[in-house]
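Me: I am new to this structure. Please show it, and then I will ask about its parts.

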Amino acid sequence: MSFSLKQSALAACSDVSNSVLQRRSLPCRSSILPPLVFQNNSKRTNLSLSKPLHVSAVEIIGKDKEPVIKCRAYEADKSQPIQAAAQEVKSEAAKRVKIGIYFATWWALNVVFNIYNKKVLNAYPYPWLTSTLSLACGSLMMLISWATRIAEAPKTDFEFWKTLFPVAVAHTIGHVAATVSMSKVAVSFTHIIKSGEPAFSVLVSSLLLGESFPPAVYLSLVPIIGGCALAAVTELNFNMTGFMGAMISNLAFVFRNIFSKKGMKGNSVSGMNYYACLSMLSLVILTPFAIAVEGPQMWAAGWEKALSQIGPQFIWWVAAQSIFYHLYNQVSYMSLDQISPLTFSIGNTMKRISVIVSSIIIFHTPVQPVNAVGAAIAILGTFLYSQAKA
């Protein structure tokens with residue numbers, strides 16, 4: 001049986017010899033500590049001072065209320081902090097793995113959505129209906145999840161929906177504008193232009209909100225704007241409607257982000273449910289406009305034509321683009337709950353790279369070297385912007 005006492009606690013006992021240490025009691029007293037009392041034990045007791053010793057607890061026992069000091073080995077008590085530290089390391093590693101899974105899922109779902117979305121728009125050029133179906137599918141999925149208790153339904157009130165309304169308006173405009181853009185130009189070109197969103201963010205925040213940024217942030221806009229301009233000028237299949245759609249989408253999503261920051265402050269709704277509510281409100285806003293711009297007659301005629309040209313797999317394309325649109329947005333909002341805005345911005349930049357490269361490969365999009373350089377400069381500028389804003 002081994003005991004340990006802090007050396008400071010035994011400062012007054014420095015003259016204790018080994019023969020004294022083997023006794024059943026230790027009468028030596030300290031000016032700091034009460035007298036040490038050891039229980040009578042038939043076994044030989046060795047008191048080792050080879051390790052730092054500490055007082056574990058002081059207890060009053062017996063009729064004379066004599067304080068008794070319990071001593072424990074320093075290494076034994078240190079095992080608990082070591083275990084806690086190990087647990088903390090494991091928890092941090094698990095969190096990083098979770099974020100990595102979120103990012104990989106986010107990028108993969110976004111790539112799949114863009115591929116199927118472009119396939120649908122090539123065969124069925126009705127971006128307003130396509131945008132409506134995406135929101136409707138996501139809303140239906142979440143309603144079913146809430147009804148079956150797969151996901152916990154959010155607790156909302158009138159104030160929540162009132163705050164969400166401007167976010168939904170901006171989200172609706174940005175979603176439709178991006179879909180219109182992809183119906184007119186290559187997916188890669190739309191995402192190259194959309195990589196210029198930080199420039200719109202800085203301009204809107206500076207002009208309308210009066211915010212100021214460090215010089216490095218403003219300097220990072222130079223490669224973003226220059227790269228997007230170079231890519232647009234050298235785009236082989238340039239279309240003004242597609243270009244303006246991407247630009248409007250950038251502006252709308254900047255306002256969406258600004259309104260979202262205000263709306264999510266002090267809000268207990270999770271990222272997944274927040275986006276679900278956003279989709280439902282956007283669907284209500286978009287549906288009458290989609291009917292007014294395109295209409296059921298155009299949709300029916302286009303549907304028959306697409307089915308005759310593509311076959312039954314066209315239905316799968318429409319379902320896939322609708323499902324994957326909701327899933328990738330939902331995962332992005334879920335990841336935003338777990339990471340900082342800077343990490344999210346970097347992840348968004350990497351997402352655009354994966355979409356641009358994969359769409360060029362799958363759709364065999366012709367790309368000039370100068371066009372590729374412009375895209376690379378714009379994406380590099382977006383990365384520098386995220387670093388400078390940190």
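Me: Which residues does UniProt list as "transmembrane region"?
Reply: The model is predicted: local features need pLDDT of at least 70, side-chain atom pairs count only at pLDDT 80 or more, and totals for chains, interfaces and linings use all residues. Residues are numbered from 1 along each chain as its sequence is written, and side-chain values use heavy atoms, without hydrogens and water. UniProt positions follow the numbering used here, with shortened feature names, and annotations may be inferred rather than shown by experiment. The unreviewed UniProt entry gives residues 99-116, 128-147, 216-234, 271-290 and 310-328.

Me: How far apart are the end C-alpha atoms of residues 271-290?
Reply: Helices (H or I, at least four residues) and strands (E, at least two) are DSSP runs, numbered from the N terminus. Residues 271-290 are 100% helix and 0% strand. The distance between their end C-alpha atoms is 27 Å.

Me: Is Val 112 buried, partly exposed or exposed?
Reply: Val 112 sits in helix 2 (residues 74-123). Buried means under 20% relative accessible area, exposed over 50%, and partly exposed in between (1.4 Å probe, protein chains only). The relative accessible area of Val 112 is 26%, so Val 112 is partly exposed.

Me: Which residues does Leu 278 contact, leaving aside neighbours within four places in sequence?
Reply: Contact means heavy atoms within 4.5 Å. With those neighbours set aside, the partners of Leu 278 are Leu 164, Val 167, Ala 168, His 171 and Tyr 333.

Me: Why does Ile 173 count as partly exposed?
Reply: Ile 173 is part of helix 4 (residues 158-184). Ile 173 counts as partly exposed because its relative accessibility is 43%.

Me: How many helices and strands does the chain have?
Reply: The chain has 390 residues, of which 45% are buried. Its secondary structure comes to 13 helices and four strands.
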